[in-house]
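Reader: I am new to assemblies built from several chains. Could you walk me through how the parts of this one fit together?

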Protein chains: 4
Amino acid sequence: MRSGTGGTPSKIARYGNRVFNQANLIEDFSRTRATTERLASPLRAEDQVVQSMPDASPVKWHLAHTTWFFETFLLIPFLPGWRRYDDRWGYLFNSYYEAVGARHPRAQRGLLTRPSVQEVARYRKAVDAAMAELLEAPGESADEVTSLTRLGINHEQQHQELLLTDILHAFSCNPLRPAYHKPPAAEHHPQPTRPNWLSYPSGLREIGSDGTDGFVFDNEGPRHTVFLRPFRLADRLVSNAEWCDFIDDDGYRRAALWLSDGWAAVQAENWRAPLYWQENGSGAWQTMTLSGMQPVDLAAPVCHVGFYEADAFARWAGKRLPSEAEWEFATRDLPVSGNLLDEMHPVDSPLRPLAPMDEGPGLRQAFGDVWEWTQSAYAPYPGFRPAAGAVGEYNGKFMCNQMVLRGGSCATPAGHVRATYRNFFYPQQRWQFSGLRLAEDV
Amino acid sequence: MRSGTGGTPSKIARYGNRVFNQANLIEDFSRTRATTERLASPLRAEDQVVQSMPDASPVKWHLAHTTWFFETFLLIPFLPGWRRYDDRWGYLFNSYYEAVGARHPRAQRGLLTRPSVQEVARYRKAVDAAMAELLEAPGESADEVTSLTRLGINHEQQHQELLLTDILHAFSCNPLRPAYHKPPAAEHHPQPTRPNWLSYPSGLREIGSDGTDGFVFDNEGPRHTVFLRPFRLADRLVSNAEWCDFIDDDGYRRAALWLSDGWAAVQAENWRAPLYWQENGSGAWQTMTLSGMQPVDLAAPVCHVGFYEADAFARWAGKRLPSEAEWEFATRDLPVSGNLLDEMHPVDSPLRPLAPMDEGPGLRQAFGDVWEWTQSAYAPYPGFRPAAGAVGEYNGKFMCNQMVLRGGSCATPAGHVRATYRNFFYPQQRWQFSGLRLAEDV
Amino acid sequence: MRSGTGGTPSKIARYGNRVFNQANLIEDFSRTRATTERLASPLRAEDQVVQSMPDASPVKWHLAHTTWFFETFLLIPFLPGWRRYDDRWGYLFNSYYEAVGARHPRAQRGLLTRPSVQEVARYRKAVDAAMAELLEAPGESADEVTSLTRLGINHEQQHQELLLTDILHAFSCNPLRPAYHKPPAAEHHPQPTRPNWLSYPSGLREIGSDGTDGFVFDNEGPRHTVFLRPFRLADRLVSNAEWCDFIDDDGYRRAALWLSDGWAAVQAENWRAPLYWQENGSGAWQTMTLSGMQPVDLAAPVCHVGFYEADAFARWAGKRLPSEAEWEFATRDLPVSGNLLDEMHPVDSPLRPLAPMDEGPGLRQAFGDVWEWTQSAYAPYPGFRPAAGAVGEYNGKFMCNQMVLRGGSCATPAGHVRATYRNFFYPQQRWQFSGLRLAEDV
Amino acid sequence: MRSGTGGTPSKIARYGNRVFNQANLIEDFSRTRATTERLASPLRAEDQVVQSMPDASPVKWHLAHTTWFFETFLLIPFLPGWRRYDDRWGYLFNSYYEAVGARHPRAQRGLLTRPSVQEVARYRKAVDAAMAELLEAPGESADEVTSLTRLGINHEQQHQELLLTDILHAFSCNPLRPAYHKPPAAEHHPQPTRPNWLSYPSGLREIGSDGTDGFVFDNEGPRHTVFLRPFRLADRLVSNAEWCDFIDDDGYRRAALWLSDGWAAVQAENWRAPLYWQENGSGAWQTMTLSGMQPVDLAAPVCHVGFYEADAFARWAGKRLPSEAEWEFATRDLPVSGNLLDEMHPVDSPLRPLAPMDEGPGLRQAFGDVWEWTQSAYAPYPGFRPAAGAVGEYNGKFMCNQMVLRGGSCATPAGHVRATYRNFFYPQQRWQFSGLRLAEDV
């Protein structure tokens with residue numbers, strides 16, 4: 001990739017080959033870059049340095065790494081005359097691309113007090129200016145430039161979500177429980193009624209993307225056939241009220257409900273409730289949010305649970321999690337809208353899952369609110385091959401030990417998600433905005 | 001289960017409902033019990049106590065635990081007048097059944113010098129005698145007794161294989177490299193020629209067992225439909241010679257060949273070759289076997305590689321691993337024969353993978369030699385529900401983070417394996433007799 | 001202590017009862033507080049948050065904790081009407097005083113992005129103003145207030161040194177190797193000649209302080225008698241040139257030179273040179289300093305070695321480390337001057353150990369440059385009892401597993417150290433400005 | 001040492017130069033070897049393999065290692081024609097002598113099922129026969145042979161004690177709580193009255209051994225002068241009854257009583273009582289002993305406490321631990337007798353600490369019962385130099401991070417201990433027969 005020859009146009013096409021005109025691309029690029037900076041704007045310099053666990057990264061690192069991505073995969077190979085902004089920064093801001101070279105150990109990102117927040121801001125400006133130049137006149141490599149810029153935009157959107165989940169985790173480690181944005185006005189939510197169950201028939205289904213309809217990640221393809229048995233899905237997400245029932249019924253204390261590895265995690269980590277939940281003295285639950293500690297909204301979807309918990313809850317409820325193919329089949333014709341991140345005014349987005357609205361029949365909360373754990377291990381689709389070059393490391397090499405999540409969350413940029421989108425995390429991880437929807441066999 | 005009411009006949013039927021007559025059952029029970037003891041017979045008391053890693057168990061523990069299984073799931077619920085052999089041994093010899101109560105920590109099995117080898121032998125005798133009594137006159141619960149005894153027999157066969165893999169690991173930790181049985185007579189094996197590739201057409205396939213054809217484990221069902229694309233399989237296992245090529249081509253040093261978690265394991269564990277391989281001074285490979293250190297047989301299948309290695313090798317070869325559905329479809333009509341453990345003369349079995357014989361067209365080495373890693377994560381088949389009661393913990397709760405292996409090995413009792421059989425281990429585990437066969441898309 | 005009754009005047013007197021007039025005390029207090037802020041002034045907000053290892057603390061934490069000390073031990077018990085600055089900060093900024101209550105886990109100090117650098121600055125101002133008020137009119141508790149304020153001043157001076165050693169460690173973790181202050185002008189130092197050996201006769205000696213000559217810490221007393229055999233001391237510290245000889249003579253590879261625990265550390269940590277040393281391509285040593293990476297000055301004292309290394313070096317040299325009693329006897333009549341931290345212009349201090357000056361006969365480099373490891377385990381002097389109340393935890397509870405160092409370093413405030421001063425660290429710790437002087441028996 | 005030239009007679013003389021005639025030496029050698037075998041005789045082969053923690057070693061290893069010591073330091077250098085018994089065993093049975101070469105990792109001694117118990121017995125016989133031959137006719141190296149054989153005898157006696165403490169630990173890990181020997185007949189012990197306090201005057205004292213009065217270890221010398229202040233010692237050991245008072249007074253829950261590192265250990269290990277103590281349902285304490293679980297004898301000395309606990313207890317009691325110099329001064333003229341191991345009938349020894357007998361005035365329980373923790377860090381005496389050659393590693397390299405214990409225990413062979421004897425363990429270690437005696441300043 002660094003030499004500009006790593007990815008042929010035909011390969012890169014799998015990242016989406018809709019004909020974008022350059023104007024759109026430039027606009028999307030600029031908007032995405034601005035959104036990231038708006039997301040960082042409520043934070044002080046001190047907040048932007050900290051790394052609260054190896055899974056998370058400092059805000060400053062997100063700001064620099066997304067910029068490094070454009071510099072490494074676009075400017076260096078394609079912009080004549082571009083000189084590396086700083087020879088030593090490639091080492092600091094490479095995340096996991098083995099093909100690009102050695103890199104700073106992930107768990108030590110929080111030790112990098114330099115470059116400072118201000119220096120990173122200057123780096124962003126310089127790369128943005130050069131990207132504008134490149135996008136105006138991409139020359140012969142226009143297809144590849146377009147394709148990789150789309151990838152870089154989507155990559156940065158992923159880091160926008162991570163920036164939020166990571167600062168939430170960092171703030172949760174501070175006994176002062178700082179708030180990232182203002183608490184929402186108090187609303188009254190009636191506890192939701194029991195979910196309705198929607199039925200889906202058996203049959204051969206086409207799953208995944210053939211890349212003909214806008215940008216997709218390589219792991220969303222190839223499109224392929226699967227055989228689905230008849231199934232039902234709950235029309236809404238599992239709520240905090242239901243999760244409280246699970247807790248009260250000793251859900252976290254009954255080995256029989258858990259996968260063996262899950263039960264080991266419960267005991268090792270002493271899990272008793274979702275991540276960030278705390279019982280106040282009088283038996284009510286509070287939870288750490290981007291607005292600081294707040295009472296748990298019983299009507300809202302449960303959030304910050306891992307796969308092990310989602311799976312145990314489903315077993316307790318006498319149901320199961322949907323497979324990713326079931327989920328995709330059920331949602332592929334739904335509009336992509338919901339409680340997602342507003343890219344223009346990101347800090348004013350709710351940034352928390354919300355109680356479902358009463359919208360009549362059909363699947364609710366499919367997109368936004370919380371990522372939905374599926375029962376599917378993250379694996380290559382039949383015929384999958386990663387892109388050539390370093391960007392081939394983007395998704396493929398993680399296809400083991402992780403579980404697929406679908407649908408996006410309240411922190412996912414609104415234009416970023418779709419029915420074929422495959423997110424993935426380890427089954428014990430809980431710091432994402434992750435919840436669940438129940439399924440059952442017919 | 002302990003009260004005898006945990007499993008209804010209809011549930012247990014899933015463990016196989018072929019009509020066994022009682023005589024057969026008794027014979028199978030006795031043979032299996034005797035095989036285990038023959039397997040332990042070359043070992044001294046000292047050898048039988050040691051636990052060389054948490055994944056492995058002492059030989060003495062295998063001898064006692066398999067006996068505990070019959071006592072717990074058969075004698076206590078079904079044999080009137082049976083009194084627990086020793087009240088404290090249930091705690092010591094329960095492996096992982098949460099429903100049966102607390103148990104000795106797995107990693108500390110090697111600290112149990114008591115009960116002694118002799119006391120365990122007496123325990124086996126006492127339980128065998130009582131089982132004979134129960135099987136002669138099972139009374140009203142005959143179906144359940146038959147079904148659970150079949151389960152116990154198959155359970156003990158699994159531990160026969162583990163006994164061998166665990167003592168091999170223990171002996172490998174001793175610089176004296178003790179031998180479990182005599183080294184085989186030296187044979188000359190020409191290096192195998194390139195494998196032939198067998199083609200399989202696309203279509204809807206029935207996979208898994210409906211339990212109507214003899215004993216199966218619950219995880220082999222339900223039978224269900226999957227859609228397979230056309231694929232090809234190599235007609236033989238990957239050989240040590242081919243593995244040496246992988247090593248010589250820096251297979252263990254090129255990140256691009258590995259899954260991300262696999263590469264982390266390579267570096268953390270400093271893997272440079274399969275488990276047990278050691279380079280002698282002059283560049284040739286030796287490997288620890290049940291006959292002590294032996295030269296690596298280049299014509300024989302590679303063994304003691306984990307999933308990460310198998311996956312990396314396949315990527316290096318420009319191929320992939322088969323899915324478990326592909327493997328099952330390709331083997332379901334083949335006879336179950338091969339280099340397996342001879343139950344009557346187990347110590348005289350080869351106990352090592354062997355070069356493929358030249359047998360004309362068709363898939364070779366499907367059963368025996370080495371377990372074949374597949375690309376399939378171990379997950380419940382659609383509609384799977386574990387058996388009620390404690391034996392429901394047998395398989396289901398492990399359906400996460402592990403990968404499926406198929407086909408049995410040189411240490412698998414000959415009558416134990418079949419085309420639908422699903423073995424599973426974590427991707428980093430290497431101490432089983434595990435290897436691979438290559439697949440490719442058409 | 002919190003109630004103001006924890007320390008009686010007679011007890012506190014052990015912290016020094018020289019008659020300080022209040023004007024002096026106020027001046028000393030103000031100067032010390034200003035020095036700390038000057039030390040922090042070259043650092044950006046980002047730099048002040050980071051904690052690079054559990055042994056180290058963030059600069060911001062040092063700024064707040066020293067302030068907490070005055071608030072907790074002076075303002076709360078003695079200043080009428082003082083209200084806690086922030087109820088939650090006591091938890092955040094208590095270091096290790098069990099008697100004062102629970103506290104934030106030490107290893108997580110780097111997660112506290114709030115309070116911000118600015119908020120801590122406001123805290124310092126508020127406490128300084130209140131302290132000025134208290135010191136102007138201490139009322140009936142004047143003796144205790146004086147004594148505890150002296151303790152607080154000396155406590156803050158200790159944290160001034162730690163602030164420097166901790167930021168050096170943090171910067172050393174950054175591949176950019178930031179500089180805290182400007183590199184010194186290049187100077188030429190001839191390699192020092194062999195040390196001269198000074199002889200000291202046998203006899204009964206009085207060691208330690210009786211507290212009648214200015215402030216001392218409780219661990220410096222009681223004054224007591226020891227019997228010393230005749231010994232010799234090198235007249236200067238061990239130099240980097242000599243340490244290079246040790247390295248070149250395989251000092252880090254010969255087990256026979258090391259204590260057993262030290263050798264285990266060498267292997268576990270892969271020590272090959274002092275902390276911060278790095279070989280450049282061409283065989284010369286560089287080292288991380290407060291001015292960034294610099295060539296090792298061969299004429300300067302070796303620095304950033306732990307006790308294990310100092311002990312191994314002495315064995316290699318056929319010598320030994322001095323005992324703390326020998327060191328104190330040899331230095332008790334020397335003036336306390338040397339390469340120490342200039343409290344008025346701390347950032348302009350050299351902040352690195354310097355080659356010894358040629359000053360004629362007598363012990364050189366006794367104070368300043370580097371702390372000198374002794375062979376003495378840190379233990380209570382005969383008759384030692386810690387002060388009553390929480391400040392009794394200051395020194396006494398650490399009297400196990402650590403070794404005594406003497407003499408101060410280039411980062412020790414000039415007025416802080418003296419002949420009876422006992423510093424102590426664990427034998428493996430290397431991030432202080434620590435080196436050694438050789439001794440031998442006659 | 002291996003070449004026979006490592007230790008000159010004058011050096012080795014420090015291990016004792018009393019004129020032993022060879023007959024005595026042979027008798028002592030034979031008796032010691034026989035005692036070890038008697039100690040192992042109640043154990044089965046299974047018991048002799050296990051290693052229950054890295055600090056402990058298997059019984060079989062003790063049997064082999066003590067034999068290796070004689071082979072390595074006596075037979076190989078001094079017996080003409082001796083050929084190594086097995087070339088590979090040196091690697092297996094070297095404990096920590098770096099100069100003798102590489103060795104099996106300490107924590108993996110429990111994995112060595114081979115050589116078997118029987119093979120080790122044959123090894124012992126062969127070495128014993130060769131040693132008899134050497135001792136009959138030591139030739140020119142008689143002094144060295146005598147001196148090293150004395151060292152080997154004392155070394156084996158140390159391992160006799162370790163064999164007992166290690167098997168006790170191993171049995172304590174087994175829920176069956178096996179007994180090594182028969183429980184003692186029940187005796188009634190009145191709870192001891194308060195201890196009497198014995199006073200010792202101030203003065204210059206000679207401490208340590210000059211090696212002129214029988215065998216001593218190198219760490220017991222040189223004899224040297226120390227100045228002691230007046231002190232008092234309790235005339236008996238701290239009892240279990242007193243320890244129960246400490247527990248009942250929340251001794252394990254009050255941070256103020258503990259050294260900082262000790263308090264960290266209390267919390268990390270969740271210490272609530274001495275090692276091996278368990279509360280039965282009704283509030284009474286039981287403890288694991290070499291006779292299995294037994295009620296705690298309130299009149300007997302507390303045992304299996306570490307230095308941290310001993311130090312905390314003393315602080316709770318308003319006293320302190322004695323220094324090793326005080327202890328030695330107080331005991332140097334006492335007869336070495338007490339509850340020690342009977343070398344002729346070791347298995348019939350009590351093997352547990354006993355209530356003090358009423359013997360009139362003077363220090364009781366000075367020798368035997370339990371090792372007494374002192375306040376002294378284990379350090380070289382002034383002028384100490386270890387012996388040349390590999391045996392120089394015997395004691396010297398451990399002189400850091402450990403604390404001195406004095407007086408021997410119920411598991412120490414009767415002829416092994418003396419007033420100058422210095423034992424040493426890490427402050428957290430508790431599996432030895434270790435307790436304490438209180439001291440105070442006058």
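Author: Happy to! One definition to begin with: copies are superposed by least squares on the C-alpha atoms of residues with pLDDT of at least 70 in both. This is a predicted model, in which local features need pLDDT of at least 70 and side-chain atom pairs count only at pLDDT 80 or more, while totals for chains, interfaces and linings use all residues. Residues are numbered from 1 along each chain as its sequence is written, chains are lettered from A and ligands numbered from 1 in the order in which they are written, and side-chain values use heavy atoms, with hydrogens and water left out.

Reader: Which rotation superposes chain C on chain D?

Author: Two copies of a chain are related by a rotation about an axis and a shift along it. For chain C and chain D the shift is 0.0 Å and the RMSD is 0.0 Å, with a rotation of 180°.

Reader: Which residue of chain C comes closest to that rotation axis?

Author: The distance here is taken from the C-alpha, and it is 2.6 Å. The residue is Asn401(C).

Reader: How are chain A and chain C related, and which C-alpha of chain A is nearest the axis?

Author: Chain A is superposed on chain C by a rotation of 180° with 0.0 Å of shift along its axis. The two copies are thus related as by a two-fold rotation axis. At 2.6 Å from that axis, the nearest C-alpha in chain A is that of Glu46(A).

Reader: How many residues of chain A are in contact with chain C?

Author: Contact means heavy atoms within 4.5 Å. Of the interface residues of chain A, 100% are also interface residues in chain C, so the copies meet through the same surface. On the chain C side 31 residues take part, and on the chain A side the number is 31.

Reader: How much area do chain A and chain C bury between them?

Author: Buried area is the accessible area (1.4 Å probe) that two parts lose on being put together, summed over both. Carbon and sulfur atoms account for 60% of it, and the total is about 2500 Å².

Reader: How many salt bridges are there between chain A and chain C?

Author: A salt bridge is a side-chain nitrogen of Lys or Arg within 4 Å of a carboxyl oxygen of Asp or Glu. Glu119(A) and Arg44(C) form one, with their closest N and O atoms 3.3 Å apart. The count between the two chains is four.

Reader: Which chain does chain A not touch?

Author: Look for a pair whose nearest C-alpha atoms are 15 Å apart.

Reader: Within chain A, how far apart are the centres of domain 1 and domain 2?

Author: The domain bounds come from an automatic or database domain assignment, which gives domain 1 (12-172) and domain 2 (197-441). The C-alpha centres of these domains of chain A lie apart by 26 Å.

Reader: How much area is buried between those domains?

Author: In contact there are 40 residues of domain 1 of chain A and 39 residues of domain 2 of chain A. Carbon and sulfur atoms give 63% of the buried area, which is about 3500 Å².

Reader: Which residue forms a salt bridge with Arg31(A)?

Author: The count between domain 1 and domain 2 of chain A is one salt bridge. With the closest N and O atoms 3.7 Å apart, the partner of Arg31(A) is Glu343(A).
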